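Please examine the sequence and the model before reading on.

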Amino acid sequence: MVITGASSGIGLAAAVELARGGDEVVLLGRDPGRLQRAVEAVREVSGSTPAAYRADFAVLDEVRQAGGKIAAAHERIDVLVNNAGQLTSVRRLTADGFDPTVQTNHLAGFLLTHLLLDRLRAAADADGPARVITTGSAAEAWGTLDVRRPGRRQLSRWLAYGASKQANILFTAEAARRWATYGIVPTCFFPGLIRSRFGRRSPVFSLAGLVPVLFRTPAEGAETLVWLAREPHGLVPGGYFAWQRPFVATGRSTRPERARLLWESSLAAVGYGAVGERSVRGVG
């Protein structure tokens, strides 16, 4: 099970719980120090050292490198968890020319999933369906996503975050439509408000933190993720969940035509050709 954003928060909590249950987890994170501590946490509960890869999702070349290494080291991937995300105060575009929040939360995971698609298909062929699980958010309700130009600069961090979460749900729906014949089941989930490093520089999150009842622990937020990774009830192609139950997204995040347009523009943004959805850069 490959987990992005695995060095802290719900990603780390899910990795520890999955490893405790005997699953082999592969960790992907940005900060080397936190990633090493995550490795140690998984080793403590499982007795074995997990594979770990460092990549900054604000740099697509690093995603390509990490994806290539993971694909080379693992013949099959049963579960890919696209959990890496941020709410950044940085408003300058990334080196790739995209809004930093939308790139980190959507485009990078979109690219990584394509880089690992053959490994997911191999798992599906071997033993039941493979799963792609993406961390969404109720913030999709206020997103301003241009599905023809998903990486365009957003006016604020919150609009950028909402746009990225719309993209996560649209990606899940379109992946379910396109990859049904591959035996791959994409799902998405909302973990609730989590008490973690996420959003720690946001005044809104800081004020909300004064009311502890509004927030869940990372372990509580990871419960639905773990459920989707393990349980047959989570095998709902294109499903959106919260608290291990179906959850409802806005029409903007579920409209099939928007999902199709976003997919095509995202392929172009990350450098993939539409034919066969193979990398035009020679990776994958």
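Which residues of α9 are buried? In this predicted model, they are Thr224, Leu225, Val226, Trp227, Leu228 and Ala229.

Several elements contribute to the cover over the buried residues of α9. Helices α1 (9-20) and α8 (218-221) are included, as are the strands β4 (79-82), β5 (130-135), β6 (184-189) and β7.

## Pro232 in the following loop

Between α9 (223-230) and β7 (239-242) runs a loop that contains Pro232. Pro232 counts as exposed because its relative accessibility is 56%, and the threshold for that class is over 50%.

Pro129 is 103 residues away from Pro232 along the chain.

## The chain as a whole

The chain has 284 residues, 52% of which count as buried. Its secondary structure consists of 10 helices and eight strands.

For contacts between residues at least 6 apart in sequence, 70% join residues at least 24 apart. The accessible surface of the chain is about 12300 Å²; carbon and sulfur atoms account for 53% of that surface.

Key
Residues are numbered from 1 along each chain as its sequence is written. This is a predicted model: local features need pLDDT of at least 70, side-chain atom pairs count only at pLDDT 80 or more; totals for chains, interfaces and linings use all residues. Side-chain values use heavy atoms; hydrogens and water are left out. Helices (H or I, at least four residues) and strands (E, at least two) are DSSP runs, numbered from the N terminus. Buried means under 20% relative accessible area, exposed over 50%, partly exposed in between (1.4 Å probe, protein chains only). Contact means heavy atoms within 4.5 Å. Accessible areas come from the Shrake-Rupley method with a 1.4 Å probe; for residues, only the protein chains shown count as cover.
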